[in-house]
Amino acid sequence: MKCDVNIITGRTIDQGANIDNKLSSDYFNACARCEIGAEDLETLGLLEGSHVKVSTKFGSVVVSVALCDGNMRGVAFIPMGPWANAVVNPDTHGCGMPGFKGVLGSLEPTDEKPLDLKAFMSLCRE
Amino acid sequence: MEITDAICSFCGSLCDDLTVKVEDNKIVDVRRACRLGAGKMLGHERINSPMIRNEAGKLEEVSSDSAIDRASQILLHAKRPLLYGWASTSCEAQSKGILLGEILGAVVDSTASVCHGPTTLGVQEKGLPTASLGQIKNRADLIIFWGCNPIHAHPRHMSRYSGYLPGFFLDRGRQNRKFVTVDVRMTETAAISDEFLQIEQGSDYVVLSSLRAIINGKGDLVPDVVGGVSKEELMHLSDMMRSCRFGAFFFGMGLTQSKAKYKNIDCALSLTNDLNTRTKFVITPLRGHYNVTGFGQVCSWQTGFPAVDLSRGAPYYNPGEMSANDLLMRDEVDASLVVASDPAAHFPNASVRNLAKSPLIQIDPYANATTEIADVVIPTAIVGVETEGTAYRMDGLSLRLRKLVDSDYPSDEEILDKIIKKVSRNGDVC
């Protein structure tokens, strides 16, 4: 089952605490995730920790899904980092700032696993 | 040995009350720091040695001189170099970076362009009615957190400046103050606030405009629901804003990165100006990296602008044209120097792919996503831990960061000095 979402990215304390520790599993666990509300989790038929493919017209990425009761239905939060940046809008609309929030996309269950940072960045060098 | 009143070089709060315990030239304990600051001071894994990427695509260790030589050659041969980052280093290193940009005819941009760059644009339109964090601590009886979550991003901000401490005119601390959070999500900051307005994503501009209308006596024009918030809630918030004695409005990426971007800031600044016709109200951006504010200051006093294109022989500033992401998305950049930041982790993937296409030099204490695509890597000392330097707190107060332990790593400033000497021609002022 697919679920349409409005994607926002941003800082979290786990992401911040590992910002100088990016090759660690702690950073991976802090950032390769997508937080959604209970209704959206139910729509997807997934349990927390399952993998989900996030797709927008700018790209796609596989991350773990997590429950966040503070999210409105249809809002997906991905901590800032390489995984979030696979799906954000690179257009700055003439002010230098890319579209890190308010990116329309969809979530769907997947059997794929999230790539770790090194594997993810190696794709950028191809 | 115990070092008191040490300054934390993590976020823009620059907390200056830490006690650091040093044994055998190693920091073994940090008191009063938050999780972010303590983690940095106690240390993470470092880059051991300068490195250059070999023909097989692997980074291999080289001497410092070799890395500086290669970096200098890359920059000398570039036609459109980008010098990016600067948020987590000293003002002294930033100053050297801008000088290097002048010699090379480079674009010099900071992490503000993906953070509070739109704030600068808004401030250039409307001015910044602000105050020091000390004034806010001592006077503010209403605190608005809009599109920000300081409990996660600036964990001690509320306990030091914006909430819990008693102030000179507010002797009961938190009991004297009201907190209001406006956000798309129910964050931890929202959970401890007295009021929370959960707005629809991207509706900040219309909600701010509605508050302005109500405060300016045009409330009859405001619809029953704006951005998912009822008119009654907006009337209540505007009453709180008008009736406070000293209001402080803090904002973050929820405003700068959402749909209207710098126009959100323009509107928030206008709201603050409107409120100042009725009471005292100030507004302050919650700046992220500890010296991103400093880069704006240094670049402005050296070139006239908070980010600058020096390729024309005279400083040029036009965000959206010469900002790092715009240059990368147009595939203009043919060499990059990244100092004290990690654009590979924090730029959109399409920009990162273009960043990786041309030679990339990294100067940083830590391995990160940018290291994975860098061609030359030069490790440096951590400012505020292993070397001293000046930094600007988020409210524009400059503070001198101290050296707490000795280090064999050179400072960013020393590395940049060596590169400047290599790329300078007769007549360059260095």
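In this predicted model, Y392(B) touches L14(B), C91(B), Y290(B), N291(B), T293(B), G294(B), Q297(B), W301(B), L397(B) and S398(B), leaving aside residues up to four places away in sequence. Y392(B) belongs to strand β19 of chain B, which covers residues 389-392. The briefing below places this residue in its annotated region and then turns to a sheet and to aromatic contacts.

**Y392(B) and the annotated region**
- The relative accessible area of Y392(B) is 13%, under the 20% limit, and the residue is therefore buried.
- Between Y392(B) and L404(B) there are 12 residues in sequence and 19 Å in space, taken from C-alpha to C-alpha.
- An unreviewed UniProt entry records the feature "domain: Molybdopterin oxidoreductase" at residues 46-408 of chain B.

**The five-stranded sheet of chain B**
- Five strands of chain B form an open sheet in the order β10-β9-β8-β13-β14, with parallel pairing.
- Strands β10 (195-198) and β14 (280-285) of chain B each have a single partner strand and stand at the edges, so one side of each has no neighbour in the sheet.
- On average, neighbouring strands of this sheet are turned by 15 degrees against each other, direction ignored.
- Strands β8 (residues 142-146) and β9 (residues 178-183) of chain B pair in the parallel sense over 5 bridges.
- W146(B) lies opposite V182(B) of β9(B).

**Aromatic pairs**
- The count of aromatic pairs over all chains is 13.
- The rings of Y84(B) and F347(B) form an edge-to-face pair, because their planes stand at 65 degrees, with the centres 4.9 Å apart.
- This pair joins distant parts of the chain, 263 residues apart: Y84(B) lies in strand β6 (residues 81-85) of chain B, and F347(B) in the loop between α15 (343-346) and α16 (349-357) of chain B.
- Y84(B) is buried at 2% relative accessibility, and F347(B) is buried at 1%.
- The rings of W146(B) and F249(B) are stacked, because their planes are at 15 degrees, with the centres 5.7 Å apart.
- W146(B) in strand β8 and F249(B) in strand β13 (residues 246-251) of chain B are 103 residues apart, and their pair links distant parts of the chain.
- W146(B) is buried at 0% relative accessible area, and F249(B) is buried at 1%.
- In chain A, ring pairs join Y27(A), F28(A), W83(A) and F120(A) into a cluster.

**Charges over rings**
- R174(B) has its charged end over the ring of F179(B), 3.9 Å from the ring centre.
- R312(B) has its charged end over the ring of Y316(B), 3.6 Å from the ring centre.

Methods: Residues numbered from 1 in each chain as written. Chains lettered and ligands numbered in written order. Predicted model: local features only at pLDDT ≥ 70, side-chain atom pairs only at ≥ 80, totals over all residues. Heavy atoms only, no water. UniProt positions renumbered as here; feature names shortened; annotations may be inferred. Pairing = 2+ DSSP bridges. Helix = DSSP H or I, 4+ residues; strand = E, 2+ residues; numbered from the N terminus. Axes fitted to C-alpha atoms, helices over the stretch in contact; angles between N-to-C directions. Buried < 20%, exposed > 50% of the residue type's maximum accessible area, 1.4 Å probe, protein only. Contact = heavy atoms within 4.5 Å. Phe/Tyr/Trp six-rings, centres within 6.5 Å; stacked < 30°, edge-to-face > 60°. Lys NZ or Arg CZ within 6 Å of the ring centre and 35° of its normal.
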